Amino acid sequence: MNAAGGHGLPSDNSILYLVPSLPMVEAIGKCLRKLGRDYPVHRAIMADALRMARDFILIGTKVVVSYGGTAALIREHTEAYVVEIQYSSFDLIRTVADTLKRHEHIAIVGFSRFIYNARQAEKLFKAPIRIEEVASLDDIKPTVKRLAAEGATAFIGGTVVNAANETGCAGMSIYADKRAIEDASQESFRVLPVQEDKDARLGTTVAILN
């Protein structure tokens with residue numbers, strides 16, 4: 001995992017950002033500086049992100065801000081409140097356009113909601129793009145290997161990035177714009193006091209019972 005907040009180790013770990021790419025790490029750092037906040041921001045996805053989230057929860061994290069399948073995984077397997085950074089169809093189209101500047105054969109691979117959004121935007125792509133849905137994490141590597149063998153050289157998505165890089169292909173994360181990052185950040189700021197209050201009340205109840 002790359003810890004890459006770009007502004008030192010924050011003393012306040014109550015909110016943690018776990019995102020798939022360095023450009024997103026940098027964009028979040030700019031957003032937090034603009035908002036006058038300082039929270040840890042790390043590049044990590046899926047199982048690595050889950051491990052990091054659990055470690056940070058032990059030292060006080062109440063809210064995790066993440067993305068796509070990683071956000072869903074953390075939500076399912078931890079007690080933290082998870083805020084998901086939402087990308088738009090425009091963000092996907094922009095990522096495809098940028099990737100096409102360097103790669104002719106592109107595949108978009110992901111879970112159902114991500115693939116649904118990709119198919120809605122498909123008619124706006126300026127080149128034929130392979131779009132494939134996977135049902136589980138175990139399907140990702142075999143799907144990437146098959147599509148790579150069929151000629152794909154770049155893969156767009158979230159959970160697919162590591163598998164693409166391991167296969168020798170380019171893995172490209174969706175670029176979420178600064179408005180989406182700021183919206184997710186503001187939501188995390190709103191829910192943090194609620195989570196802290198809930199934990200304080202739970203602590204009081206446990207103390208009484210003891």
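**Notes on the pockets of this model**

1. Please keep in mind that the model is predicted.

2. Which residues lie nearest the centre of the largest pocket? They are Gly68, Gly69, Phe111, Arg113 and Phe114, out of 23 lining residues. Two or more residues of this lining come from each of helix H3 (68–77), strand S6 (106–110) and helix H5 (112–121). H3 gives the largest share, with 5 residues. The space in the largest pocket is about 390 Å³.

3. The second largest pocket deserves a look too, with its volume of about 290 Å³. Among the residues that line it are Ile45, Met46, Leu73, Leu137, Lys141, Asn162 and Glu166. At least two lining residues are supplied by each of helix H2 (46–58), helix H6 (140–149) and helix H7 (160–166). By class, the lining of the second largest pocket splits into 7 nonpolar, 2 polar and 3 charged residues.

4. Now for the protein as a whole. Its secondary structure consists of 8 helices and 9 strands. Of its 210 residues, 47% count as buried. The accessible surface comes to about 10,900 Å², and carbon and sulfur atoms hold 53% of that area.

5. One last point, on contacts along the chain. Taking the contacts with a separation of 6 or more, 61% are between residues 24 or more positions apart.

Conventions
Residues are numbered from 1 along each chain as its sequence is written. This is a predicted model: local features need pLDDT of at least 70, side-chain atom pairs count only at pLDDT 80 or more; totals for chains, interfaces and linings use all residues. Side-chain values use heavy atoms; hydrogens and water are left out. On a 1 Å grid over the protein atoms alone, a cavity is a set of points where a 1.4 Å probe fits but cannot get out, and a pocket is an open set with protein on both sides within 12 Å along at least five of seven lines; lining residues have an atom within 4 Å of a point. Grid points are joined across faces, edges and corners, and a volume is the space filled by probe spheres set on the points. Helices (H or I, at least four residues) and strands (E, at least two) are DSSP runs, numbered from the N terminus. Ala, Val, Leu, Ile, Met, Phe, Trp, Tyr, Cys and Pro count as nonpolar, Asp, Glu, Lys and Arg as charged, and the others, Gly among them, as polar. Buried means under 20% relative accessible area, exposed over 50%, partly exposed in between (1.4 Å probe, protein chains only). Contact means heavy atoms within 4.5 Å. Accessible areas come from the Shrake-Rupley method with a 1.4 Å probe; for residues, only the protein chains shown count as cover.
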